[in-house]
Amino acid sequence: MARYAETYHRLDLWTQAGESRQLFTPGTVVTDEALVPREHLLASTYYREFLAPANISRLCTSVVFGQSDPGNLPTVISIYRGIDAEPFGRREKNRLRLLTPHLSRSLGLMFRLRDAENKLAASLAALDKLACGIVLFGRDGCVVHTNSAAAELLKGNEGLWLTDDGGGHRLAAANQEATKRLDRFIESAVSTSASAFFPVPHSMPFPGKSGRPPSVLSISPLPSDHGFETRAGQAVAIGFLFDTMLPGQGDAQMLGEIYGLTPAEIRLTSELCAGWSIGSIAAFHGVSAETLKSQLKSIFLKTGTHRQIDVVRMASVLAIKK
C-alpha cells in the first residue's frame, strides 16, 4: 500500500479509467476489461512493475462510497485474479452487487463510530493539557471522566477523593457530613444543567485532614452542544479542581509570544507568576528594582493591563501542561 501511494497511484489505469468515465458512484460494479482493454493493461508500467509481481491480472470492483459522499471516504471493494485465471463474468458481478449494500451499511456505521471515537479522544486529550484538574459529571452526579491533573490531585488529597460505590465513580469528602454537602453541591449543578444552561460556576472548598490548605472545586453546567462525550456516560457538568498549595503555573512564554514581550520581560513575568516580588527578583539577578519596574511598565503597555496581578492572571489563563 505504501508503494502504491508513493509511486503507482498515478499510474493506476483502472482508477484513471473509472474517474474519467465517472463510474465511481455507489453500487457500480465493473470488471477490468470494461475499464481498460486487456492488451493496454498488460503493456503498461503499472501492470509490469506493480500488478504482475503480485500475480494480479483480473479485477472485479464495486463502489461502496462514491467521491461525492460527504459523510464517508471514497471506498471500493475489489476482487482480483491471476494471469492464468478466467475473466470475471456476470455471476461474480451479481454476487458483488448483492454484497455491496451490506458493506455500505456496516462500513458506514464503522466510519461514524470511528469518527466519534476520534473526536472523543481529541476532546478528552485536550483536557489533559490543562494545568488545573477537570472533572466531568453525568446526570446522576457520577464522575464520567477526570483529566490527568484531577486524577493526580484526587489520588493524593486528604480532603477530596474518588470512590466506586458499584454504580459508578463518585467524589467523597473528608467525613460523612462533608460528603453529604458535596453530594448536594454536585446535584445542584447537575440538575441546573438538565433544564437550562446557566454559565455561573458554583465553588466549594475542601480542607485536608492534617491542616492542609484546601482544594477548591468549582462546577458549571455544560451546554447541550458540548464535545465531551465519554464511554462512562454523557457529561452534563464540568468541575474545575484547584490545589491551593500549588504555586502559580502561568505560561509566561505563551503570553510573550502573543503580546511580543522581550526575553527579559518573559522572564520577569514567569518569576512574578511563581510568587516572587520585584525586590527578590532584583536581588537574585543583580539588577536594580527600577530596571524591573521599567520592564513591568512595558509589559503593562503591551498587554493592556495596569496591575501586576492582572499580568499574572493573564499568564495563568494561558497555562497548559508541557
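# Close-up views of a predicted protein chain

**View 1. Thr 61 and its surroundings.** Leaving aside residues within four places of it in sequence, Thr 61 is in contact with Thr 28, Val 29, Val 30, Val 76, Ile 77, Ser 78 and Leu 96. The model shown here, as in every view that follows, is a predicted one. Thr 61 has its place in strand S2, and with a relative accessible area of 9% Thr 61 is buried, because buried means under 20%. A polar atom of the Thr 61 side chain lies 3.3 Å from the backbone oxygen of Ile 77, a residue that is also listed among the contacts of Thr 61.

View 2. Thr 28 is found in the loop between helix H2 (13–20) and strand S1 (29–31). Is Thr 28 buried or exposed? With a relative accessible area of 19%, Thr 28 is buried, since the cut-off for a buried residue is under 20%. When neighbours within four places in sequence are left aside, Thr 28 is in contact with Leu 23, Thr 61, Ser 62 and Val 63.

View 3. Gln 22 lies in the loop between H2 and S1, and its phi is near 55°, a positive value in a residue other than glycine. At 67% relative accessibility, Gln 22 counts as exposed, because exposed means over 50%. Asn 55 lies in the loop between helix H5 (45–51) and strand S2 (58–65), and the phi of Asn 55 is likewise near 55°, again a positive value in a residue that is not glycine. The relative accessible area of Asn 55 is 46%, so Asn 55 is described as partly exposed.

**View 4. The largest nonpolar core.** This core has 22 residues, and those that touch the most other members are Phe 137, Leu 171, Leu 182, Ile 186, Leu 217 and Ile 219. Two or more residues of the core come from each of strand S4 (133–138), helix H7 (148–156), strand S7 (169–173), helix H8 (176–195), strand S8 (202–206), strand S9 (215–221) and strand S11 (233–243). Which of these elements gives the most to the core? The answer is H8, with six residues. A second, separate core is made of 17 residues, including Cys 273, Ile 299, Phe 300 and Val 312.

**View 5. Helix H10 and its crossing with helix H12.** In H10 (residues 263–273), the buried residues are Glu 265, Ile 266, Leu 268, Thr 269, Glu 271, Leu 272 and Cys 273. The axes of H10 and helix H12 (residues 289–303) come within 10 Å and cross at roughly 95°, which means that H10 is roughly perpendicular to H12. On the H10 side the contact is made by Ala 264, Glu 265, Leu 268, Thr 269 and Leu 272, while on the H12 side it is made by Leu 292, Gln 295, Leu 296, Ser 298, Ile 299 and Lys 302. Just after H10, Gly 275 takes a positive phi of about 95°.

View 6. How many disulfides does a search of the whole structure find? The search finds zero. Gly 167 and Cys 142 are 25 residues apart in sequence and 8.4 Å apart in space, C-alpha to C-alpha. Gly 167 lies in the loop between strand S6 (160–164) and S7, and at 61% relative accessibility Gly 167 counts as exposed.

Note on methods. Residues are numbered from 1 along each chain as its sequence is written. This is a predicted model: local features need pLDDT of at least 70, side-chain atom pairs count only at pLDDT 80 or more; totals for chains, interfaces and linings use all residues. Side-chain values use heavy atoms; hydrogens and water are left out. A nonpolar core is a set of buried Ala, Val, Leu, Ile, Met, Phe, Trp, Tyr and Cys residues joined through side-chain atoms within 4.5 Å. Buried means under 20% relative accessible area, exposed over 50%, partly exposed in between (1.4 Å probe, protein chains only). Helices (H or I, at least four residues) and strands (E, at least two) are DSSP runs, numbered from the N terminus. A disulfide is a pair of cysteine sulfur atoms within 2.5 Å. Contact means heavy atoms within 4.5 Å. Axes are lines fitted to C-alpha atoms, for helices over the stretch in contact, and angles run from 0 to 180 degrees between N-to-C directions. Angles under 35 degrees count as roughly parallel, over 145 as roughly antiparallel, 65 to 115 as roughly perpendicular and the rest as oblique. A polar contact is a pair of N or O atoms within 3.5 Å; within protein, one must be able to donate a hydrogen and the other to accept it, and residues adjacent in sequence count only if both atoms are side-chain atoms.
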